[in-house]
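Subject: Structure handover

Hello,

Here is the structure for you to take over. My notes on it follow below.

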Amino acid sequence: MIKLQKPRWVFFDGALRPWEDAKLHISSEAVLRGLNVFEGIKGYWQPDGSFGFVALRRHYDRLRQSARLLHIPFEMNFTAFEDACHSLVAALYEPARNMWVRATLYVTEGHWGEGTVADLVLTAYHQEKGPPQPVDTGISTWQRAIDLALPCRIKTSSNYQVARLAKIEGRRRGCPEMILLNQWGRVAESVGSCVLVLRDGKAVTPPPWEGALESITIDIVAELCRSLGIPFERRPVERTELLIADEIGFVGTLSEVTTVRSIDGQPMPEAPILARLGERYLAAVTGLAPHPAVELSCRPRASPSAIASEAAE
Ligand code: PMP
């Protein structure tokens, strides 16, 4: 479980520093108003022994986009961001597990948009190798907000407060994952991924204007579908379509391609198409069967002495 790990090193204030030192002041807008934007980035061990992040450039660009929408300055260029991500994982990784990096811009100084200063904080967590397990899911009574209220295009932690409520609701109903609908009662997304529905051999996902994040993984999956000859469409998805779908999956950086085993207690049939897609996705991100839609930022495995000197600086 990601949330229980307390890794030794965190990147903040421009360098690797001990986990215990990563603190924010109670008067900062990050704490007062939950002002931050973030990305979740996955890295996988590759067959040549290097470590590779998936779509790092796109995550960096989306972080910039979220920051811009919330008027948070973010001056770091991509190369420095890439270096920081690689240096943190190199201080923490182990060959048996992959890693997930959370890149967060916390607003440390400023007041109502004046004098805003932000710091990039990177934390990295170990992830078991292997395919994701099917999940039981439900449809939440909580809704995804519209673009005029709390735009889901901004990847900010405030957007996850309703997701947290959905998770709590789901736990009470025996559903570890939950799907959020939008104000029109159509499918938006799940707590932390996009929803992909298979109907009559066609893969369908709600577009961002229905209340889904502009997902990087969905774009990859769209390309994989094209290669595998699976028709792919972005269009509104109604609630009843979930209940009659042939297959339902969750797609995202962390979910990869996860199949839904049941929806509100109703068992789902086998999911052969999603299984194929999921296998193809994992083969691409782990470098076993590269695909042009999966861009990897790879670095050779660092030697322990190089890591120790970097962390001590
Ligand atoms: N929706 C939400 C709410 C998410 O948190 C995520 C994960 N970042 C996604 C969708 C999937 O986006 P991506 O494929 O870019 O990880």
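**Ser215 and its surroundings**

The backbone nitrogen of Thr217 sits 3.2 Å from a polar atom in the side chain of Ser215. That makes a polar contact a pair of N or O atoms within 3.5 Å; within protein, one must be able to donate a hydrogen and the other to accept it, and residues adjacent in sequence count only if both atoms are side-chain atoms. Ser215 is in the loop between strand E11 (202-205) and helix H5 (216-228). Helices (H or I, at least four residues) and strands (E, at least two) are DSSP runs, numbered from the N terminus. Ser215 has 8% relative accessibility, so Ser215 counts as buried. Buried means under 20% relative accessible area, exposed over 50%, and partly exposed in between (1.4 Å probe, protein chains only). Beyond four places in sequence, Ser215 is in contact with Arg62 and Cys194. Contact means heavy atoms within 4.5 Å.

**How to read the model**

This is a predicted model, where local features need pLDDT of at least 70 and side-chain atom pairs count only at pLDDT 80 or more, while totals for chains, interfaces and linings use all residues. Residues are numbered from 1 along each chain as its sequence is written, and side-chain values use heavy atoms, with hydrogens and water left out.

**The cores**

The largest nonpolar core has 34 residues. A nonpolar core is a set of buried Ala, Val, Leu, Ile, Met, Phe, Trp, Tyr and Cys residues joined through side-chain atoms within 4.5 Å. Phe53, Phe81, Val89, Leu120 and Leu122 touch the most other members. Strands E1 (9-12), E3 (36-45), E4 (51-54), E5 (97-111) and E6 (114-128) each give two or more residues, as do helices H2 (56-69) and H3 (78-92). H3 gives the largest share, 9 residues. Another core, of 25 residues, lies apart from it; Ala55, Val221, Val251 and Leu274 are among them.

Setting aside neighbours within four places in sequence, Phe53 is in contact with residues including Ile41, Cys85, Val89, Val101 and Leu296. Leu120 is found in strand E6. Leu120 is buried, at 5% relative accessibility. Residues that Leu120 touches, not counting those up to four places away, include Phe11, Leu63, Met76, Phe81 and Ala103.

**H2 against H3**

The two helices pack at an angle of about 115°, with axes 11 Å apart. Axes are lines fitted to C-alpha atoms, for helices over the stretch in contact, and angles run from 0 to 180 degrees between N-to-C directions. H2 brings Leu56, Arg57, Tyr60 and Leu63 to the contact, and H3 brings Phe78, Phe81, Glu82 and Cys85.

**Glu177**

Glu177 lies in strand E8 (residues 177-181). Its side chain makes a polar contact of 3.2 Å with that of Lys167. Leaving aside neighbours within four places in sequence, Glu177 is in contact with residues including Val135, Thr137, Ser190 and Phe250.

**Two positive phi values**

Asp13 has phi near 50°, positive in a residue other than glycine. Asp13 is in the loop between E1 and strand E2 (15-18). Asp13 is exposed, at 52% relative accessibility. Phi of Asp264 is also near 50° and positive, again in a residue other than glycine. Asp264 is in the loop between strand E14 (256-263) and strand E15 (266-267). Asp264 is partly exposed, with a relative accessible area of 35%.

Best wishes
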